[in-house]
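Please consider the model shown below. The paragraphs that follow lead from its metal sites to its overall fold and its nonpolar cores, and then to a few individual residues.

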Amino acid sequence: MKIKLQTGRRGGKSGSVLAVGTFEGEVRATFQALAKTRNFSAHSGESLFLPEKNTLLIGLGKSDKFRLQHVRLAAAQVLSQAKLLRLKNVAIDLDSLRHRVDLTEVAAAVVEGARLSTYRFDKYKSKKNPKPVLEELILLASQSSGLQKAISEAEIISEAVYFTRDVANEPPNVMTTVNLAKAAQKMARENNLTCRVLGLAEIKKLGMGGVLGVSQGSIYPPQFVILENKVTKRTASEPIVLVGKGVTFDTGGISIKPSSDMDKMKFDMCGAAAVMGAMKAIANLKLPVKVIGITPLVENMPGSKAQRPGDIIRCLNGKTVEVLNTDAEGRLILADALAYAKRFKPRALVDVATLTGACAATFHDLSNGLMSTDPDLAARIKAAGEASGERCWELPLWDEYFELIRATYADIQNISKKYAGTITAGMFLKEFADHTLSWAHLDIAGTAWNDGGAKPLSPIGATGVGVRLFINLVKSYL
Ligand code: BES
Ligand code: ZN
Ligand code: ZN
């Protein structure tokens, strides 16, 4: 599907249906009578096709509740209606979707909504889904200033989300640690990033006890990937460092998980995939901010070589950890990755991980869990999440919580003595990010994949959460 901008003159290509955004209680006079007889009240997610007017009315909800997310959802709605109506092309009236925001933001949100909602992962289906009939989406606008740029940037961002979804949706027998590192290297080559991959020997030499402990039960060696964008010398100092959990499959290890739904644990590398996708977009948008993406990649398997509950390991920063549950593995590999980030003297350090079932139990798929040592960074992340439709809600990291992970035989234990599963995981990570004053942790356990519920912006599988949030976060440092 092509997305094309058309400005100035009103009215689409002759014959093409025009989609018009409509706020609740603000239906245009020309459509009012028809809307009324067909019970259209313009709720968000509602739409009405008026063949006699060649118009598709798209509900935006109440105007005082307006967020850019409604525009993304409206675009998704246009595409699903276009599919039902078997349209070859459709036009969207951008001005009708605008409320207290720039038209450029509306255009970008329409492109994101259109692209994110039509993503499919069917490479392993012998019979592919039929190709969509829609060939062209026309964005109609009253003015042109900055619109083409906003559209191209939204295309770059959507492509990055596609990359993240693609690698995350690959099955765990294909997307092994080694293959995921290779995918990162290939992506880096094609997108003007530098990429370093540390293998087993270097990881041992550095003393990454967490990465080694988790991966020792797998036939696939751990990989430690470091991506960097290329910026001019002037902007090279003080990078933003992004860290993503990359467990290509999480069986739980010796503390093995129940078999029902265990297949979902192929998505336990969504944090790593989000960091890789964000780096791709940051490079292509040519953002003049130094950004480094770090992804430790392991597979968590049981077996005679696997680590045991009770094992004590030493992480890269010298701290010792009593592994009381081998299923709390994400924090062990992130510990080493966060400690590794010290060498870059980050101005902000942010990790993202499908870390705790407790976070999904708290927020379902409506918010990421956010924990931070820096109120300014937390505020930037909240704003970035709000703007991208990837909301974050902050949980406290009070010192008292440390008592729940103080170990009997080592410095720290990898599970809580009682409750507060999401926060104690954050407290654990904090011990390894103590070299910087500005650190934040994002738990995406509830948001990283769609189990099959109706989500207009992402089909079943990996959502690509984090990519657009990170892009907005980096932009906040411009
Ligand atoms: N990858 C899981 C977290 C997870 C669980 C994400 C369910 C999404 C859905 C993580 O490695 C894990 O197993 N965490 C344990 C920690 C516990 C043993 C302290 C959990 O949440 O049960
Ligand atoms: Zn686990
Ligand atoms: Zn895990």
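**A paired metal site and its surroundings**

Asp250 has a relative accessibility of 3%, and because buried means under 20%, Asp250 counts as buried in this predicted model. Asp250 bridges two metal ions, the zinc ion (ligand 2) and the zinc ion (ligand 3), which lie 3.2 Å apart. The two sites may be taken in turn.

The zinc ion (ligand 2) is coordinated by Asp250 through OD, by Asp327 through both O and OD, and by Glu329 through OE, at 2.0 to 2.2 Å. Around the zinc ion (ligand 2), six donor atoms subtend angles of 71 to 166°, and the arrangement is therefore irregular. Along the chain, the donors of this ion follow the spacing D-x76-D-x1-E. Distant parts of the chain are linked in this way: Asp250 belongs to strand 10, whereas Asp327 sits in the loop between strand 13 and helix 9, 77 residues apart. Asp327 is partly exposed, with a relative accessible area of 22%.

The chain contains 13 helices and 20 strands. Its radius of gyration is 23 Å, close to the 23 Å that the globule rule gives for 478 residues, so the chain is as compact as a globular protein of that length. The C-alpha trace spans about 75 × 50 × 45 Å along its principal axes. Of the 478 residues, 58% count as buried. When contacts between residues at least 6 apart in sequence are considered, 76% of them join residues at least 24 apart. The accessible surface of the chain comes to about 20,400 Å², and carbon and sulfur atoms account for 53% of it.

In soluble globular proteins, nonpolar side chains tend to be buried together. In this model the largest nonpolar core has 62 residues, and those with the most contacts inside it are Val350, Ile381, Leu442 and Phe470. Helix 8 (residues 270-284) gives the most to this core, with 11 residues. Which residues does Ile381 contact, leaving aside its neighbours within four places in sequence? They are Val350, Leu370, Cys392, Ala440, Leu442, Leu469 and Leu473. Apart from this core lies another, of 47 residues, among them Val241, Val243, Val321 and Trp439.

Ala109 is found in helix 3 (residues 103-117) and is buried, at 2% relative accessibility. Not counting residues up to four places away in sequence, Ala109 touches Leu68, Val71 and Arg72. Between Ala109 and Leu73, 36 residues apart in sequence, the C-alpha to C-alpha distance is 8.9 Å.

Asn192 has a phi near 60°, a positive value in a residue other than glycine. Asn192 is placed in the loop between helix 5 (177-190) and strand 7 (193-198), where it counts as partly exposed, at 48% relative accessibility. His364 is not a glycine either, and has a positive phi of about 50°. The loop that holds His364 runs between helix 10 (357-363) and strand 15 (368-372). With a relative accessible area of 55%, His364 is exposed.

Key
Residues are numbered from 1 along each chain as its sequence is written. Chains are lettered from A and ligands numbered from 1 in the order in which they are written. This is a predicted model: local features need pLDDT of at least 70, side-chain atom pairs count only at pLDDT 80 or more; totals for chains, interfaces and linings use all residues. Side-chain values use heavy atoms; hydrogens and water are left out. Helices (H or I, at least four residues) and strands (E, at least two) are DSSP runs, numbered from the N terminus. The radius of gyration is taken over C-alpha atoms; the globule rule is 2.2 Å times the number of residues to the power 0.38. Buried means under 20% relative accessible area, exposed over 50%, partly exposed in between (1.4 Å probe, protein chains only). Contact means heavy atoms within 4.5 Å. Accessible areas come from the Shrake-Rupley method with a 1.4 Å probe; for residues, only the protein chains shown count as cover. Donors are N, O and S atoms within 2.8 Å of the metal (3.2 Å for Na, K and Ca); water is not among the atoms, so sites may look incomplete. Four donors count as tetrahedral if all angles lie between 85 and 135 degrees; four count as square planar and six as octahedral if opposite donors are over 155 degrees apart and all others between 65 and 115; anything else is irregular. A nonpolar core is a set of buried Ala, Val, Leu, Ile, Met, Phe, Trp, Tyr and Cys residues joined through side-chain atoms within 4.5 Å.
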